[in-house]
Amino acid sequence: MRIGYSRDIHKVSHSKELYLGGVFFPGEIGHEATSDGDVILHALSEAILTALSMEDLGSYYKEDESKNLSSLTILDFAMAQLKKKNMQICNVVISFTSEQILLSPKKDKIITNLQKILKINSDQLSVTATRWENKDNQYSECIVSLIIN
Ligand SMILES: [Zn+2]
């Protein structure tokens with residue numbers, strides 16, 4: 001078994017739309033980023049890469065090349081690396097931290113979305129949310145465990 005971990009933090013931005021776990025949150029303040037700024041997918045993708053002893057996301061996605069990039073593309077890249085190394089996901093733990101965004105109304109949608117992409121069942125995925133006293137930044141942490149296919 002292999003373990004991966006990542007934490008992704010972004011500044012909030014009024015000029016960006018919010019995507020979390022590949023799900024669109026209409027009317028909510030987004031994240032400052034060249035991509036869509038999906039902190040959940042960034043932490044998840046990088047956690048998969050670290051479990052495979054690969055580099056951080058920034059090594060594969062240069063800022064000037066990732067303009068308006070959907071983070072689903074980044075997750076697809078991570079999943080392709082996992083497949084290449086003949087591994088599969090054992091379980092995933094995702095934590096999201098924000099002062100203003102409530103994950104709960106769209107949590108089921110995020111879970112369904114991620115289960116499909118990661119090819120896992122509901123008992124292999126946990127998504128939790130917590131608050132902090134910081135309106136300027138939001139972040140996500142992720143721990144992934146992998147097993148040989
Ligand atoms: Zn990010």
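What follows is a conversation about the sheet and the helices of a predicted model.

Visitor: What makes β2 and β4 the edges of the sheet?

Guide: Start with the order of this open sheet of 5 strands: β2-β1-β5-β3-β4. β2 (23-31) and β4 (125-130) each have a single partner strand, so one side of each lacks a neighbour in the sheet. The pairing is mixed. On average, neighbouring strands are turned by 35° against each other, direction ignored.

Visitor: How do you know that β3 and β4 are paired?

Guide: Pairing takes at least two bridges. Between β3 (residues 87-97) and β4 there are 6, in the parallel sense. Within this region, Ile94 stands opposite Val127 in β4.

Visitor: And what makes β3 and β5 a pair?

Guide: The cut-off is at least two bridges. β3 and β5 are joined by 10, and they run antiparallel. Ile89 stands opposite Leu146 in β5.

Visitor: Which residues of α4 are called buried, and why do they line one face?

Guide: To be buried, a residue needs 20 or more other C-beta atoms within 10 Å of its own. In α4, Ile110, Leu114 and Leu118 are the buried residues. Seen down the helix axis, they fall within an arc of 45°, so they line one face of α4.

Visitor: What is found on the other side of α4?

Guide: Asp108 and Lys116 are exposed there. Exposed stands for 12 or fewer such C-beta atoms.

Visitor: How does the span of α4 compare with the expected one?

Guide: The expected span is 1.5 Å times one less than the number of residues. α4 has 12 residues, and the expected value is 16 Å. From first C-alpha to last, α4 reaches 16 Å, close to that expectation. Lys119 follows the helix, with a positive phi near 55°.

Visitor: Which strands does α1 lie across?

Guide: Helix α1 (residues 39-51) lies across β1 (2-20), β2, β3 and β5 (137-148). It runs at about 160° to β1.

How values were computed. Residues numbered from 1 in each chain as written. Predicted model: local features only at pLDDT ≥ 70, side-chain atom pairs only at ≥ 80, totals over all residues. Helix = DSSP H or I, 4+ residues; strand = E, 2+ residues; numbered from the N terminus. Axes fitted to C-alpha atoms, helices over the stretch in contact; angles between N-to-C directions. Contact = placed C-beta atoms within 7 Å. Arc of directions from axis to C-beta.
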